[in-house]
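Here is a walk through a two-part question: what sits inside, and what covers it? Have the sequence and the model open as you read.

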Amino acid sequence: MAPLTQLRLLTCGSVDDGKSTLIGRLLADAGVVPEDLLEQLARDSRRYGTCGDALDYALLLDGLQDEREQGITIDVAWRYFATPRRSFIVADCPGHEQYTRNMATGASACELAVVLVDASAGLKTQTRRHTYIAALLGIRHVVLAVNKMDRIGYAEEPFRAIETEYRALAARLGVAQVTCVPVAAVHGDMLVRRGARMPWYRGPTLLEHLETVVVDDPATTAAFRLPVQWVSRPDAGFRGYAGTVAAGTAAVGDALVVLPSGRRTTLARVLGANGETDRAGKGEAVTLVLADELDIARGDVLAAACDPPALADQFAAHLLWLGDAPLLPGRPYELRVGTRSAVAQIGEIRHRVDVNTQEHLAARRLDLNEIGEVQISLDQAIPFEPYAVSRTLGGFILVDRISHATVAAGMLDFALRRAANIHWQHLDVDKTVRAALKGQRPRCLWFTGLSGAGKSTIANAAERRLLALGHHTYLLDGDNIRHGLNRDLGFTDEDRVENIRRVAEVARLMVDAGLIVLVSFISPFRAERRMARERFAAGEFIEVFVDAPLALCEQRDVKGLYAKARAGQLRHFTGIDSPYEPPEAPELHLHADRDSALAMAEQVVRAVLADDRA
Amino acid sequence: MAARPERATAMDHLDRLEAESIHILREVAATARRPVLLYSIGKDSSVLLHLLLKAFRPGRPPIPLLHVDTGWKFREMIEFRDRRVAETGVELIVHLNEEGRAQGIGPVSHGASVHVDVMKVAALKQALDRGGFDMAIGGARRDEEKSRAKERVFSFRNAQHRWDPRNQRPELWNLYNTRLGPGESVRVFPLSNWTELDVWQYIRREAIPVVPLYFAAERPVVERDGALIMVDDERLPLRPGETPQVRRVRFRSLGCYPLTAALESDATTLDAVIAEMQASRQSERSGRVLDHSAGTSLEQKKREGHF
């Protein structure tokens, strides 16, 4: 038997368009559904089906209990079948807007998309959405399956009208190849068999097209790239770099460059899936041995020395938000691209894209299933390529560093060169020198807790005491800072993140100046306190949790804020309608319901001094 | 720059599946704290073991095998397991639920469902907890069953080993989110995109050893509830009136022998097995007794921690 090639495709459209029916029928007519499954289908059709006594082919696909009971598709279902000409992997994707993230998951693995429309309804908002998402994820080939031709009497004219309208739409959204096929999935017309009812259509059936379409892959002819996945060192005599070739080909003797270090070397040996060989090509999982002993780790990229990818740490990117909690600019996330991890911050949301109309809208946050064009900065320069050139070096995910959820899929568009032009100015007088002059270890004491817990009172008392002992200090207080530096910020989640970012940055500068800085901010979110912590050297940041029960704070209500919040006059108030996330491992845990403010201030001072002697 | 000419033959679909699986195995080795490969001795496990050896050549795989024994495997399976381990030099951990064995739990005395719950699902959780494994590789394929078709390659489990099919991590490209909290783990399925036919064609292409039970031979069987059950040894108590008869049979899928039906066949070679499967009109797990109890039974088992 001649080796089969493989086509990975996704199908999108809604239940109303007959998408699951189309795939189920395609599989059944292609003769790849086993008999016992057809029998089970007959049983399921009677129990859950929506087609009366006839087989409901959609039930071949919807796998989860909830999906069968509710007659909807929630998640991507993967289907596998082969004909004598080709082997197929089908990602059957849900069509509703609320499952955009699942469609993107399917599209990321595919080379071709089948977009369904109902011939009797014409192009719909969701047709635009599906085509846009497919194009965004880099799919260059789309088949428009115009289904339910039986509903319009198998007439050519309405089909041609839909085709014309769709070709214009696809061209605007950047899809290179479009094929339109009229089908009647319920009866099987133009899926596997032509049927006799549409003699006017001379193009291929859906299956014929899928069996023969050539999906060009630009990465096979590009320059060599291999993200190092795993370093193989079984014994002192062997050191190899394992990974999957992302693009191009490299042969033994070729000059390679290691990124980001920029060290050059030569390819000495290639171990392929079938043992020693002389070259490594796109898509192959190989182990490479280099001529020189270099320090190379997972995440580095081996590339053709004559045409290496660029390095950058700031990018313009498209982001599809997948998380249940919204994207907040300024919050750090883990970014994964290729085999590399970095810490990423979204600096600015340039605009949000309406997935239905592709209109650009102003936005300060992205919610689940929303797409935006953003500016993203990393804690390190990484080798990259635009997503349009390389899915491997241009496609990334963002992971929440606390919940570990995958919260975004991203596509790098281009590097922002600004970082390259603002060089870090090296200064001779540094933190150590300034601190020595003051005879103290600079520190950031970060007080966190509910409003009314007593943070400012304790911080104030602690500062007086430290001053009396001859230390140089400064107190940054939340309310005071909001009168000046942060007076443009409100109390939404986005503004709270930015509030903390600015204060943390100011505190860092003051610690750099050699001071002991006391920061008294509610700072309700763990992620922001962690972001603040990461700006300081080990041991410099002391998180002080002023722990007071909500009832106690509300009873005190020194500023009368709780009363206002309860009365609904104050929104986003921590503890009432905005959450407080207590620290998990603070350096110092104060119990405001047990000890007096002065006693707690003394604990803070002791902690600073004890640490000083250590 | 001028692009280098491509190699004469492009990757065919088996090459592509092989490379993808090796990539996944290496990703586990690079990111897991303590990985393990669930080795169940069947054809999929044979392919996994073969890929594991390939992925880490010239070194030894940095991932041990774990076999959860139920006490009811075919004798030939255990012999085959021990032979392959000796030949390949990989590390093997065998776990058996001793409490279950002490209570005499078995598929014949307690029924398939209790047996699977105690000797497979509970035993697996015990073994994973005791070993402190954070990533467990399995040979499941998406084409086996409906709920498997929805599962991720890196499939997240909470600290109780439970799967939440409605709330899976999105999985884009071949970027796998391998971050875990305390007690959490992932099940990893490198063969997700393989079909049964791919597995057999790959076994033939690579000459991978498999348990001889997959090939037709004269074997003693009894016909029980419409299925042909092999009388492997004295562990299977015969019902009144049952007399083992010798028939020419083979197995399409291997589990605990009283729960795995044989099919009558003359296929004694790989070519014949593949030809028979291509002509077959029955799905692969039709021989597994457990799967017939309810339409969503495997999904239920998986939510509870089963592979």
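## A helix wrapped up in chain B

Keep in mind that this is a predicted model. Twelve of the 13 residues of helix 2 of chain B are buried, so the rest of the structure largely encloses it.

Helix 2 of chain B covers residues 43-55 and reaches 18 Å from its first C-alpha to its last, close to the 18 Å expected at 1.5 Å a residue.

Trp173(B) is worth a click. Neighbours within four places in sequence aside, Trp173(B) is in contact with chain A residues including Ser108(A), Leu137(A), Tyr387(A), Arg391(A), Phe396(A), Ile397(A) and Met411(A).

## Buried strands in chain A

Now to strand 4 of chain A, residues 112-118, where seven of the seven residues are buried. Leu112(A), Val114(A), Leu116(A) and Asp118(A) point one way, while Ala113(A), Val115(A) and Val117(A) point the other. Strand 4 of chain A runs parallel to strand 1 (residues 5-12) of chain A, joined by four bridges, with Thr11(A) opposite Val114(A). Strand 5 (residues 141-147) of chain A also runs parallel to strand 4 of chain A, over seven bridges; there, Val117(A) has Val146(A) as its bridge partner.

Strand 24 of chain A (residues 443-448) is largely enclosed by the rest of the structure, because six of its six residues are buried. One side carries Arg443(A), Leu445(A) and Phe447(A), and the other Cys444(A), Trp446(A) and Thr448(A). Strand 24 of chain A pairs in the parallel sense with strand 26 (residues 516-520) of chain A over five bridges, and Cys444(A) stands opposite Val517(A). Strand 24 of chain A pairs in the parallel sense with strand 27 (residues 541-547) of chain A too, over five bridges, with Ile542(A) as the partner of Leu445(A).

## An antiparallel sheet in chain B

Back in chain B, four strands form an open sheet in the order 8-7-9-10, with antiparallel pairing. Strand 8 (227-230) and strand 10 (263-264) of chain B are the edges, each pairing on one side only. Two bridges join strand 9 (residues 245-250) of chain B to strand 10 of chain B, and Arg250(B) stands opposite Leu263(B).

The model scores ipTM 0.88 and pTM 0.77. Chain B has a mean pLDDT of 86, with 88% of its residues at 70 or more. Residues 288-296 of chain B have pLDDT below 50, and residues 1-8 of chain B stay under 50 as well. Where pLDDT is low, the predicted coordinates should not be read in detail.

Methods. Residues are numbered from 1 along each chain as its sequence is written. Chains are lettered from A and ligands numbered from 1 in the order in which they are written. This is a predicted model: local features need pLDDT of at least 70, side-chain atom pairs count only at pLDDT 80 or more; totals for chains, interfaces and linings use all residues. Side-chain values use heavy atoms; hydrogens and water are left out. Two strands pair if DSSP finds at least two bridges between them. The expected span of a helix is 1.5 Å times one less than its number of residues. Buried means under 20% relative accessible area, exposed over 50%, partly exposed in between (1.4 Å probe, protein chains only). pLDDT is the predictor's confidence in each residue, from 0 to 100. Contact means heavy atoms within 4.5 Å.
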